[in-house]
Amino acid sequence: MPARNLSIILLAAGEGTRMKSMRPKVLHEVAHRPMVVHVAAAAHEAGSDALAIVVGPGREDVVAAVRAVVPGATGFTQYDRLGTAHAVLAARAAIAAASDDIIIAFGDTPLVTADTFRRLRTPLAAGAVAVVAAFEAANPTGYGRVLREGDRVVAVREDKDANPQEKRVTLCNGGLMALAASQALPLLDAIGNANAKGEYYLTDVVEIAAQRGLRVAAVTVDEADIMGVNSRAQLADAEAVMQRRLRSAAMEEGATLVAPETVFFAHDTRLSADTWVGPHVVFGPGVSIETGVEIHAFSHLAGCTVARGARIGPFARIRPKSRIGADVHVGNFVEVNRTALQTKVEANHLAYLGDATIGEGTNVGAGTITCNFDGADKHPTVIGKHVFVGSNVTLVAPLKIGDEVLIAAGSTVTADVPDSAMVFGRAQQVVKPERGKARIRDNRIKRAARKAKGG
């Protein structure tokens, strides 16, 4: 049997005024990814390259975000807000071009999975013309009810339009709907607006199809999969569910999370087996961790790679475009930015390493700073292999340090250093007998005088 083609109509025209934001609702992020992009990625994983996205006027930014994961996505504009069916028909050209299955999804449901999309298609292959994603609600108030006769769905009744008997139904409409492409436009065009809101409800497709003797099915899904986000509180709820999923997946793949509920992932965080993660670690986008890495408490990583056997933290920050080599130690209060630390480098405390390349086996002392910014441009620092950088060293870029160099503590280094050299770059120490005692005494007298005056 030949594979059936899948088209997705993604509705993303809602303004989301309850978000109290200038940003379109669907571009608010869950796990560092816009909600609408989560939905598009799930659709793509389910097998759809034919994705049509319906947006409000002037929302090219939403279409561009979707094209980042589905380059062939086509944008359509809904100019008047007259209901979900009206929004779907804004993509009439895409519906007419579809050949097999159509799924109508929503850009504010970031937890939907590719598996849910696949499950919605199964009844279509068995002859249904429409499939409703449904869930059992403990409290169905406010939801549309899925009404059935036997194994057939005969209607979806919106809460405001339901009679008392229908309101007792607990099987509720989750919003997602699959349609057979051959019947999609005839069913959609038959929808009217004789309801409490005077809008064109997509859910009326069900009753129209049933009246025409066509089969409509329901697929029960996890309520979280179709959780809609309309407020900041609901955004936080979606984030919490997503984080639970990501933590569970990381542990299933062999990572240890000492306190899972305190670790936060981006959607694309990749942890290899035998990664050990302590409490209160935060991963930004673009992090890839090899096997055997330890990441200690309160560390923050983003846009970086960490090679096998490295140890990060506690209280370390690894910023984007950084590469941490095998068996590297990055300790407490060390910040690494756009920097490559090669094998067995150690920077164990209190350092800033920016725009640098640091060679194998080099030790970076406490208080070391690469001065990479001159007020206008960033400049590189290159440090060779097996260099010993003493404590409280300032490296003024652009700068190149050779192999096996020793830089004395407290030095400010402004010129290149050849291989095997020892470098001192600090002011000569001056000792003035008794001057310290006198200054301390004078300061004590001044403080006492201010206190006596009430200062």
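# Pockets and side-chain contacts

The lining of the second largest pocket is made up of eleven nonpolar, four polar and six charged residues, where Ala, Val, Leu, Ile, Met, Phe, Trp, Tyr, Cys and Pro count as nonpolar, Asp, Glu, Lys and Arg as charged, and the others, Gly among them, as polar. The structure is a predicted model, in which local features need pLDDT of at least 70 and side-chain atom pairs count only at pLDDT 80 or more, whereas totals for chains, interfaces and linings use all residues. Residues are numbered from 1 along each chain as its sequence is written, and side-chain values use heavy atoms, with hydrogens and water left out.

## The two pockets

A pocket is here an open set of points, on a 1 Å grid over the protein atoms alone, where a 1.4 Å probe fits and where protein lies on both sides within 12 Å along at least five of seven lines; its lining residues have an atom within 4 Å of a point. The volume is the space filled by probe spheres set on the points, which are joined across faces, edges and corners.

The second largest pocket holds about 600 Å³ of space. Its lining consists of 21 residues, and those nearest the centre are Arg33, Glu45, Met242, Leu246 and His267. Two or more residues of this lining come from each of helix 1 (35–45), helix 5 (114–125), helix 9 and strand 11 (270–271), and helix 9 provides the largest share, with five residues. Helices (H or I, at least four residues) and strands (E, at least two) are DSSP runs, numbered from the N terminus.

The largest pocket holds about 1600 Å³ of space. It is lined by 43 residues, among which Thr84, Phe106, Asp108, Lys197 and Asn230 lie nearest its centre. The elements that give two or more residues to this lining are helix 3 (84–89), strand 8 (171–180) and helix 9 (232–252), with strand 8 giving the most, four residues. By class, the lining of the largest pocket has 14 nonpolar, 17 polar and twelve charged residues.

## Salt bridges

Twelve salt bridges are found in a search of the whole structure, each being a side-chain nitrogen of Lys or Arg within 4 Å of a carboxyl oxygen of Asp or Glu.

In one of them, the side chains of Arg157 and Glu207 meet with an N to O distance of 3.1 Å. Since Arg157 belongs to strand 7 (residues 152–157) and Glu207 to helix 8 (residues 204–211), the pair ties together parts that are 50 residues apart in sequence.

Another salt bridge joins Arg319 to Glu335, whose closest N and O atoms are 2.7 Å apart. This pair also links distant parts of the chain, with Arg319 in the loop between strand 19 (317–318) and strand 20 (322–324) and Glu335 in strand 21 (residues 329–337), 16 residues apart. A further salt bridge is formed by the side chains of Asp442 and Arg441, at 3.7 Å from N to O.

The table gives the accessibility of these partners, where buried means under 20% relative accessible area, exposed over 50%, and partly exposed in between (1.4 Å probe, protein chains only).

| Residue | Relative accessible area and class |
|---|---|
| Arg157 | 19%, buried |
| Glu207 | 26%, partly exposed |
| Arg319 | 25%, partly exposed |
| Glu335 | 22%, partly exposed |
| Asp442 | 33%, partly exposed |
| Arg441 | 44%, partly exposed |

Through shared partners, salt bridges join Arg157, Glu166 and Glu207 into one network.

## Cysteines

The structure holds zero disulfides, a disulfide being a pair of cysteine sulfur atoms within 2.5 Å. Cys172 is buried, with a relative accessible area of 0%, and Cys304, at 1%, also counts as buried.

## Aromatic rings

Rings of Phe, Tyr and Trp (its six-membered ring) pair if their centres lie within 6.5 Å, and planes under 30 degrees apart count as stacked, over 60 as edge-to-face and the rest as tilted. By this rule there are four aromatic pairs. The rings of Phe135 and Tyr143 have their planes at 85 degrees and their centres 5.1 Å apart, so this pair is edge-to-face. Phe135 is buried, at 2% relative accessible area, whereas Tyr143 is partly exposed, at 31%.

Phe315 and Phe333 form a stacked pair, with 5.1 Å from centre to centre and 15 degrees between the planes. Phe315 lies in the loop between strand 18 (311–312) and strand 19, and Phe333 lies in strand 21, so that the pair links distant parts of the chain, 18 residues apart. Phe315 is partly exposed, with a relative accessible area of 39%, and Phe333 is partly exposed as well, with 48%. Ring pairs link Phe298, Phe315 and Phe333 into a cluster.
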